[in-house]
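The sequence and the model come first.

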Amino acid sequence: MPKTVLIAGGTGQIGSHLIPKLLSNDYSVKLLTRDVQKAKNLLRGTGIDFIQWNDNSSIDELSNHINVSDYVINLAGANVAGKRWSNKFKQLLYDSRINSTRKLVDAIRMSGKKPEAFICASGVGIYGFRSDTELNEESTYGKDFLAKLCIDWEAEAKKAEEFGVRVVNMRTGFVLDKNEGAFPKLSLPFKLFVGGYMGNGKQYISWIHINDVIELYMFALDDYFISEPLNLTAPNPVTNKQFCKAMGKALHRPCWAPIPGFALKIISGELSESLLHGQRVIPQKALDHHFKFEFTEIDTALKDLVKK
């Protein structure tokens with residue numbers, strides 16, 4: 001009998017790739033979504049049970065779905081790069097993650113049958129901005145807004161351990177995806193022959209190809225020795241200048257002068273800090289558990305996206 005995965009927030013970048021992968025591996029999927037029709041249009045296929053879920057949904061109803069699920073995956077949360085970081089938007093980023101995670105953990109507490117694992121999205125932003133210092137799962141945390149958001153987010157997920165549930169917080173880096181996320185936006189200036197690196201170009205980008213993101217989620221489901229947290233980054237982070245040169249090479253375009261820091265701040269506000277300072281994150285736990293990355297070098301990762 002196929003195992004069942006209950007997913008919250010499955011219509012975003014990761015979910016839209018993960019759900020087809022789960023189905024192809026003979027899992028059945030129960031998808032919690034605010035917009036059932038939108039989810040059905042996006043995720044066509046057999047084996048998906050679409051469930052209306054919003055802030056007013058009852059914990060009892062949610063716990064009933066958990067009772068018939070083997071795993072719970074939480075991908076819910078507003079898109080970090082969706083808008084300029086106003087105070088109102090920052091509150092939305094925080095509440096959309098903390099509240100959904102808290103509700104799922106409450107439902108796990110009330111369920112008669114506990115899931116084998118609770119896999120919850122998180123981010124490498126938890127480490128703060130540390131120049132070229134190598135960071136792994138044992139590194140200390142940052143103190144900026146994004147770090148605080150991730151700290152509180154993971155703390156809510158970790159409460160599921162009190163009920164004997166294995167928890168894995170997936171600290172995701174800069175995801176490279178052909179059609180979603182930052183890649184289409186970053187590649188456009190290069191296609192228009194005006195591409196360049198950001199600031200001084202020395203800041204690190206902890207990137208990862210979407211294929212490896214999905215395989216790491218499958219890895220976290222299947223490996224009972226994996227527990228929180230887990231860095232989802234490629235083994236070889238690169239500087240912003242190296243990344244942009246690789247982008248230009250993949251697109252057969254030049255990499256021109258740097259984009260000034262003040263211009264980025266005007267466009268993206270506080271989000272620009274992550275672009276101008278960066279992080280050098282290593283997926284130490286995945287490497288220790290002998291996970292095999294498909295893409296370890298930025299050149300091959302970008303070439304793969306371009307050829308698709």
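Helix axes here are lines fitted to C-alpha atoms over the stretch in contact, and the angle between two helices runs from 0 to 180 degrees between their N-to-C directions. The model is a predicted one.

| Pair | Axis distance | Angle |
|---|---|---|
| α4 and α5 (residues 145-158) | 8 Å apart | about 10° |
| α6 (residues 182-191) and α8 (residues 240-251) | within 10 Å | roughly 65° |

With an angle of about 10°, α4 is roughly parallel to α5. On the α4 side the contact includes Leu 93, Tyr 94, Arg 97 and Ile 98, and on the α5 side it includes Phe 145, Leu 149, Asp 152 and Trp 153. Sorted by class, this contact holds eight nonpolar, one polar and six charged residues.

The angle of roughly 65° makes α6 roughly perpendicular to α8. The crossing of α6 past α8 is right-handed. From α6, Phe 183, Leu 186, Ser 187, Phe 190 and Lys 191 take part, meeting Phe 243, Cys 244, Met 247, Gly 248 and Leu 251 of α8. Seven nonpolar, two polar and one charged residues make up the contact of α6 with α8.

**The buried face of α3**

Which residues of helix α3 (residues 59-67) are buried? They are Leu 62, Ser 63, His 65 and Ile 66. Viewed down the axis of α3, these buried residues fall within an arc of 155°, so they line one face of the helix. Their cover includes the strands β1 (4-8), β2 (28-33), β3 (48-52) and β4 (71-74), together with helix α4 (87-110).

Key:
Residues are numbered from 1 along each chain as its sequence is written. This is a predicted model: local features need pLDDT of at least 70, side-chain atom pairs count only at pLDDT 80 or more; totals for chains, interfaces and linings use all residues. Side-chain values use heavy atoms; hydrogens and water are left out. Buried means under 20% relative accessible area, exposed over 50%, partly exposed in between (1.4 Å probe, protein chains only). Helices (H or I, at least four residues) and strands (E, at least two) are DSSP runs, numbered from the N terminus. The arc is that of the directions from the helix axis to the C-beta atoms. Contact means heavy atoms within 4.5 Å. Angles under 35 degrees count as roughly parallel, over 145 as roughly antiparallel, 65 to 115 as roughly perpendicular and the rest as oblique. Ala, Val, Leu, Ile, Met, Phe, Trp, Tyr, Cys and Pro count as nonpolar, Asp, Glu, Lys and Arg as charged, and the others, Gly among them, as polar. A crossing is left-handed if the near helix is turned anticlockwise from the far one by less than a right angle, and right-handed if clockwise.
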